[in-house]
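Keep the sequence and the structure in view while reading.

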Amino acid sequence: MDCDGELAPVALAEVAHEVPRRAKGVCSEFFRCRGCGKLYWHGTSWERIKDRLGRAAELARGGPISSEGPTG
Ligand SMILES: [Zn+2]
């Protein structure tokens with residue numbers, strides 16, 4: 001993670017020439033950083049990618065997600 005750009009899902013067919021063969025075999029989801037153009041997939045700092053995607057989802061909903069379950 002060299003920048004804090006937005007990650008956009010991309011199809012394997014679009015990035016097949018950039019993906020190592022070993023990654024093609026084990027990964028089905030790929031993401032392109034809109035900030036630096038770097039390609040990410042499951043296995044490359046995936047926990048941090050999930051964190052970024054999670055934060056993006058929070059922003060899309062208009063606020064932080066409560067960690068508390070439903071009450072009552
Ligand atoms: Zn980037």
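## The sheet

E1 and E2 run antiparallel and are joined by 4 bridges. Strands, like helices, are DSSP runs numbered from the N terminus; a strand (E) has at least two residues and a helix (H or I) at least four. Two strands count as a pair if DSSP finds at least two bridges between them.

Together the 3 strands make an open sheet in the order E1-E2-E3, with antiparallel pairing. Strand E1 (7-10) and strand E3 (39-41) are the edge strands, and each of them pairs on one side only. From one strand to the next, the twist averages 35 degrees. For such angles, axes are lines fitted to C-alpha atoms (for helices, over the stretch in contact), and the angle between N-to-C directions runs from 0 to 180 degrees. In a regular strand, side chains alternate between the two faces of the sheet.

The hairpin of E2 and E3 has 5 residues between the strands, and Gly37 there takes a positive phi near 80 degrees.

## The model and the whole chain

The model is predicted: local features need a pLDDT of at least 70, side-chain atom pairs count only at pLDDT 80 or more, and totals for chains, interfaces and linings use all residues. Residues are numbered from 1 along each chain as its sequence is written.

The chain holds 3 helices and 3 strands. Read from the N terminus, its elements follow the order β-α-α-β-β-α. The chain has 72 residues, of which 6% count as buried. Buried means that 20 or more other C-beta atoms, placed from the backbone, lie within 10 Å of the residue's own; exposed means 12 or fewer, and partly exposed is in between.

Two residues are in contact if their C-beta atoms, placed from the backbone, lie within 7 Å. Of the contacts between residues at least 6 apart in sequence, 44% join residues at least 24 apart.

## Leu39

Leu39 is found in strand E3. Why is Leu39 classed as partly exposed? Because 16 other C-beta atoms lie within 10 Å of Leu39.

Apart from neighbours within four places in sequence, Leu39 is in contact with Val15, Glu18, Phe30 and Arg32. Leu39 and Val10 are 29 residues apart in sequence, and their C-alpha atoms are 9.1 Å apart in space.

Arg52 is found in helix H3, residues 46-61. It has 18 C-beta neighbours inside 10 Å and therefore counts as partly exposed. Between Arg52 and Leu7 there are 8.0 Å from C-alpha to C-alpha, while the two are 45 residues apart in sequence.

Asp4 lies in the segment before E1. Is Asp4 buried or exposed? With 9 other C-beta atoms within 10 Å, Asp4 is exposed. Asp4 and Cys33 are 29 residues apart along the chain, and 8.5 Å separates their C-alpha atoms.
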